[in-house]
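Subject: Structure for your files

Hello,

Here is the structure I said I would pass on. My notes come after it.

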Amino acid sequence: MRILLVEDNKALAEGLVAILRGSGYAVDVVSDGASADAVAATENFDLVILDLTLPEMDGLDVLRSMRARQNKAAVLILTARGTQEEKIRGLDLGADDYMIKPFDVSELEARVRVLLRRKAGLRSSLVSYGKISFDLNSRTFSAGGITVDIPARELGLLEVLFLRAGKVVAKEAIIQSLTAFDDDLSANAIEQYVSRLRKRLAPHGLTVRTARGIGYYLDKMADG
C-alpha cells in the first residue's frame, strides 16, 4: 500500500514516515500544497494524509483539485484546524476522515488501516483465499493458524496480489504500490520476488501466474 504524506512540519513528517514505513507501507512525503497537487496528479496512491495549512496551496484546495480530477485515493485530513465548519467543509469536499492535531499515534494507525481496508473494498481485516489468510492489521499471512514467514518485499508483493486475488495486476502497478520516490525496483526484481513467492506458496495450494506482457495474478493450484 502506498501513502502520500503532505506535511510542512519537518519533525512531525519524519516521525510519521518512520511509523508508517515501520508498518510496511511505501511512503512519499511533500511539504507544500503545490507539490502535493502535482504529485497526486501524476502518481497513484492508496491514501493521502493531508495537512491543511500548507505553503503555496491550501490543503482544501489540494483536496478539491484531486476530486475534480476523479482521484479516488482515500484522504485523511490531519490538521490543527479543528472547527466544526472546517471539518464539514473538508468532508464535503471529499475527505474520507478528519483528525485534529495533536493526535494519538495508535488512533492514527487504526484510522489508516480502516481507510486502506475500505479502499480495497473489504469490511473485515481478515481476508482469506484458498488455504491462506491475511490479517490487514498485523500484515501477516497464515495457513492453518500458523504464520507464513515472508520477507518484507515479498510480503508487500503478495499483499498487492492477495487483495486482488484472481485479477491481473500490471507490473507497473505493482512497482508503484511497493515503492516510494527514492526506491529503485525494476521489473526484473519483481520477477525474482514472484519466483520466490511461488516456492513459498506452493505448499499451501496457491501460485502466482504470469499474464504475458501485462503482469501477474494470484491463483489456486489445481489441487489447492
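The notes below go from the whole chain to a few local features.

Please keep in mind that this is a predicted model.

Overall

The protein chain holds eight helices and twelve strands. Its C-alpha trace spans about 55 × 35 × 30 Å along the principal axes. The radius of gyration is 18 Å; a compact globule of 224 residues would have one near 17 Å, so the value agrees with such a globule. Of the 224 residues, 47% count as buried. Taking contacts between residues at least 6 apart in sequence, 56% join residues that are at least 24 apart.

The accessible surface of the protein chain is about 10900 Å², and carbon and sulfur atoms account for 48% of that. As for charge, there are 30 positive and 31 negative side chains, with the centres of the two sets 8 Å apart.

S4 covers residues 74-79, and six of its six residues are buried. Ala74, Leu76 and Leu78 point one way from the strand, while Val75, Ile77 and Thr79 point the other way. Both sets are buried. S4 pairs with S3 (residues 47-50) in the parallel sense, over four bridges. Within S4, isoleucine 77 is the residue that stands opposite leucine 50.

S6 runs antiparallel to S7 (residues 132-135), and four bridges join the two. Tyrosine 129 has isoleucine 132 in S7 as its bridge partner. Two residues lie between the strands of this hairpin, where glycine 130 takes a positive phi near 60°.

Arginine 89

Arginine 89 sits in helix H4, which covers residues 84-92. Is this residue buried or partly exposed? Its relative accessibility is 43%, and because that falls between the 20% and 50% cut-offs, arginine 89 counts as partly exposed. Beyond its neighbours within four places in sequence, arginine 89 is in contact with Leu60 and Arg64. Glutamate 7 is 82 residues from arginine 89 in sequence, and their C-alpha atoms are 19 Å apart in space.

Regards

Note on methods:
Residues numbered from 1 in each chain as written. Predicted model: local features only at pLDDT ≥ 70, side-chain atom pairs only at ≥ 80, totals over all residues. Heavy atoms only, no water. Rg over C-alpha atoms; globule rule 2.2 N^0.38 Å. Buried < 20%, exposed > 50% of the residue type's maximum accessible area, 1.4 Å probe, protein only. Contact = heavy atoms within 4.5 Å. Areas by Shrake-Rupley, 256 points an atom, 1.4 Å probe, with all protein chains shown as cover. Lys, Arg positive; Asp, Glu negative; His and termini not counted. Charge placed at Lys NZ, Arg CZ, Asp CG, Glu CD. Pairing = 2+ DSSP bridges.
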